[in-house]
Structures are given as structure tokens and as C-alpha cells.
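Visitor: I would like to learn how to read a structure like this one. Please start with the terms and then go to the cases.

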Amino acid sequence: MYRKEDLSGIKSARAVAFALLFAALAAAAALHGIFADMNFAAIVCIVCAAALIAGIPLFRRIVKDEAALVEANTAAMRNASYFLYRYEAAVKQIKDGVVILTEDGSFVLINETAKTILGITDADLRTARYDEVVSGFSEKMQREEILAAAKGGVKEDSVSYAGAIYRIRFAPLGEGEEDLGVVVVISDVTESYKAEDMQTDFVANVSHELKTPLTTVKSYSQTLLEGGLDDPAMTREFLEIIDSEADRMDRLVRDLLLMTRIDNSRQKWDMTENDLAALVKTAMKKMDMTAKAKALSLNRMFEEDFSVMAEMDRDRLEQVVLNILSNAIKYTDEKGRIDVDLIPGENCVQIVISDNGVGIPEKAQARVFERFFIVDKARSRKMGGTGLGLAISKQIVEEHGGAIVLESKYGKGTKVTITLPACKVRGKRGIL
Ligand code: ADP
């Protein structure tokens, strides 16, 4: 770009050159008076020649300075277009939509994200007026609206469009009285809105899940304190209820703490190579009494001596198998059947737990891994369910590099399949 001092230097050099020429002419006129007998033209020639000789360094400087100025300007233009190119490339990369408009509604710039959000094609940009192309998106994006909104600083608004939520920010282009147009930045905030909603739901669910057992504990203990203690049978019954509700709260708090630790990557995983078959057999043994109490047949479908090694945090994985087994027991009516199988695959192993219980309606199946999701609230609460078991199981299995899938037929039964990476078989032990 021109620098003021460059220009003023050249201007003053030019002024001196002209002054020199005028001085030469004046001198010629004066000398004509002195040397009256000399031809005026000859005097002008001599004086101008003298002035030119005296002014040569000055004229040289003018030419040199002008060349330097042209060169500087060319470099400045090159820099400016490079800058513009880089700036346009940067705007294109921005995840948010960016629109720059002049005051009369012409586009200075619109990036690809903005085109996608607003549903504008390049043909629209060539043919349609600004207000027409944004009319489908929101009234809030109309030219008059955004120019008015941007007056006096940065303004913000939100728009719901095609199932998404957008935050739009307007800022004036130019400062003070100088109104050059407006910059509009459109950001998709659907995910953060959802996360906020989920957080609010989560807090509401936790409070509700804790409030229910707390209310029970409070009312039963109050009844006992107000005279119920005189009846030993009632005392025992009420204390059992209080004890089971305390267990429920304890489970809930533990589950919540584990979930938060996994969410924040603060859970320490004690990964070691273990026999998955042994783990499943232990879990089945632990649930045997509960299954027997409902006269359920709990069947091991794999061989007693079957063994398959997997890298695992043994306690956490046992928690998963216990969760699934306990669900199968909870949601299967008396005298029902639960089968537990282990199926080795290529580089993986599957634990399959099936029951012929109540099953899950098709619509609800997709949501069973959500936190606090319970199909039949009354039934689940009676069984001590919190709606967190499957959500935590999924988190644990995924941390092991595996997957968990639930299939169900309402009124017929449910099958849960856990797939885990298996360790390579190094050989079979026990020659004798
Ligand atoms: P809960 O603690 O309530 O059992 P889960 O997260 O373990 O929570 O399960 C979520 C919901 O999925 C349960 O409330 C129940 O309605 C349904 N469910 C899970 N396993 C089974 C099953 N084997 N049979 C029928 N319904 C099941």
C-alpha cells in the first residue's frame, strides 16, 4: 500500500523540479534584460540547460522513487490478495455458517456450511434476492431484521429449523456511523441443547430414584417409632422393608459413582487374562439361590471343562453377567427357564443369556440401554430395579472392546448376547 511519507517525498521532489523550471524561466527573462543584445531563445536554452544539469540528481530521484512506489504497491496488492485467499479458505473451514451481507442485501461472502444450513445453491446466489433465499429458514434472518438486530453491537437469537436448533449471532460490519453491512454466524447447537436436557433429566431421575426409597424408609421408621415396635412381627416386616430400601439406595449410589467414573475416564481398569467360562460359572453359582427361590431352571449350556481366555477386569465383567442374570430372573415368572451359553468365535467369544420370561415390547427394546429406562415401572421397582443395570453393563462391555445386544419377543422371552475379544489360544494344557 501507499505510505504517506513515500507520497509526500515524491510530491515535494516534483514541486522542487517545477520550481527549478520556473526559476530557470524567470532567470532567463531577467538575463534577457541584462544581455539585451542576446537572443531570448538562446538565453532560455542556456538557463534551462543549466537548470537541467543542476536538477538531474533530483529528476533521477523522482524516477527512482516512483519505480520503488510501483513495486511496493504491487507487493502490497499481492499480499492483500494472498491475505484474502487465506481468509476465504479459513472461513470455508469454519464449522459454523458465516454470511457477510452489505447493507443493500448483497452477499459479500457465504461459506459452504451456511449454504447447507440455509438450503441455498450457487444458482440461488446468482439469481435470487437475499430475502428470498433465507425465507424458508427463518423470519429472523430477513435483511431488515438482521440489520436492525446488528445495530449497536453483537446480538444473538435462536432458530429451530428442520429438527435442529441454531444459534445465530449478528455483528455490524464497520464501526460507528459507518454502516457497511452485517456478519451473521449460524451455529448448530442441537447437541449441546440435548446434552443440557439430558443433564437436567439425569438430575431429575437421580432425585426421583433416591426420593422413592427415602420416603418408604421414613414412613416405615416413623410407624415403628409411633408404637409399631410393640408388635414384633410388624417390627420385623418393617425393618426388612427398610433394609431392602437401604440396599436399593446403596446400589443406586454405587452404580451412579461407577457410571460417573467411567464417563470421566477416571475408572481404573484392572485388566488381566482370565478364564471367561470360570467367571460365568461363578456368577451362575451366585444367582443359584435366587433362581431356586422362583423355581427357575438355570441351565449351563457349555461343557463343564470348557475354557476360553479373555483380557478383562474380572470384577466389572462379573458385575455385567450378574446384572443380565438377575434381569433374567427378575423378569421371568416362576418355573421359567434361563439358559446360559458360551460360544467361541474367531478372535471373540459370546456369552448368551436367554430366558422365557415376560419379554419387552418392540418399541421399548431400542431404549433399554438408556439410563433410568424401565419398561414396567411397577414391576421393576418391586424387584428393586433402578433402570441403570443395562446402561452400566453396556459401558463396561464397550470399555472391554466388546458389544452387547438385546433381542426380545414380548410375552415370549429375552436373549442378551455379549461379544468380547478373546485371547489367542496358545495351546492346550494337561498332557496327562
Ligand atoms: P432394572 O434395574 O430396572 O432392571 P436395567 O437397566 O437392567 O434396569 O433394565 C432396563 C429395563 O429393561 C428393565 O426395567 C426391564 O423393563 C427391561 N429388561 C431388562 N432385562 C429384561 C429381561 N430379561 N426380560 C424382560 N425385561 C427386561
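Guide: A residue is buried if 20 or more other C-beta atoms lie within 10 Å of its own, exposed if 12 or fewer, and partly exposed in between. Keep in mind that this is a predicted model.

Visitor: How does Pro344 count on that scale?

Guide: Pro344 counts as partly exposed, because 16 C-beta neighbours lie inside 10 Å. This proline lies in strand β9, residues 337-344. Leaving aside residues up to four places away in sequence, Pro344 touches Val308, Val349 and Ala422.

Visitor: What percentage of the protein's residues count as buried?

Guide: Of the 432 residues, 22% count as buried. The protein has 13 helices and twelve strands. Among its contacts with a separation of 6 or more, 60% come from residues 24 or more positions apart.

Visitor: How should I read a pair of packed helices?

Guide: Two numbers describe such a pair: the angle between the helix axes and the distance between those axes. Here, helix α7 (residues 190-225) packs with α8 at an angle of about 160°, and the axes are 9 Å apart. Angles over 145 degrees count as roughly antiparallel, so α7 is roughly antiparallel to α8. The crossing of α7 with α8 is left-handed.

Visitor: Which residues make the contact between α7 and α8?

Guide: From α7 they include Val206, Leu210, Pro213, Val217 and Tyr220. From α8 they include Phe238, Ile241, Ile242, Met249 and Leu252. The residues of this contact divide into 13 nonpolar, four polar and three charged.

Visitor: At what angle do α8 and α13 pack?

Guide: Helix α8 (residues 232-263) and α13 pack at about 35°, with their axes 10 Å apart. Their crossing is left-handed. On the α8 side the contact is made by Asp255, Leu258, Met259 and Ile262, and on the α13 side by Ile392, Gln395 and Glu399. The residues of the contact of α8 with α13 divide into four nonpolar, one polar and two charged.

Visitor: What should I look for in the backbone angles?

Guide: A negative phi is what most residues other than glycine have. Ala295 has a positive value, with phi near 55°. Phe372 also has a positive value, with phi near 70°.

Visitor: Where is Ala295 found, and is Ala295 buried or exposed?

Guide: Ala295 is found in the loop between α9 (276-293) and β7 (297-300). Ala295 is exposed, because 10 other C-beta atoms lie within 10 Å, and the cut-off for exposed is 12 or fewer.

Visitor: Where does Phe372 lie, and how does Phe372 count?

Guide: Phe372 lies in the loop between α11 (362-365) and α12 (377-382). With 15 C-beta neighbours inside 10 Å, Phe372 counts as partly exposed.

Conventions: Residues numbered from 1 in each chain as written. Predicted model: local features only at pLDDT ≥ 70, side-chain atom pairs only at ≥ 80, totals over all residues. Axes fitted to C-alpha atoms, helices over the stretch in contact; angles between N-to-C directions. Helix = DSSP H or I, 4+ residues; strand = E, 2+ residues; numbered from the N terminus. Left-handed = near helix turned anticlockwise from the far one by under 90°. Contact = placed C-beta atoms within 7 Å. Nonpolar A, V, L, I, M, F, W, Y, C, P; charged D, E, K, R; others polar. Parallel < 35°, antiparallel > 145°, perpendicular 65-115°, else oblique.
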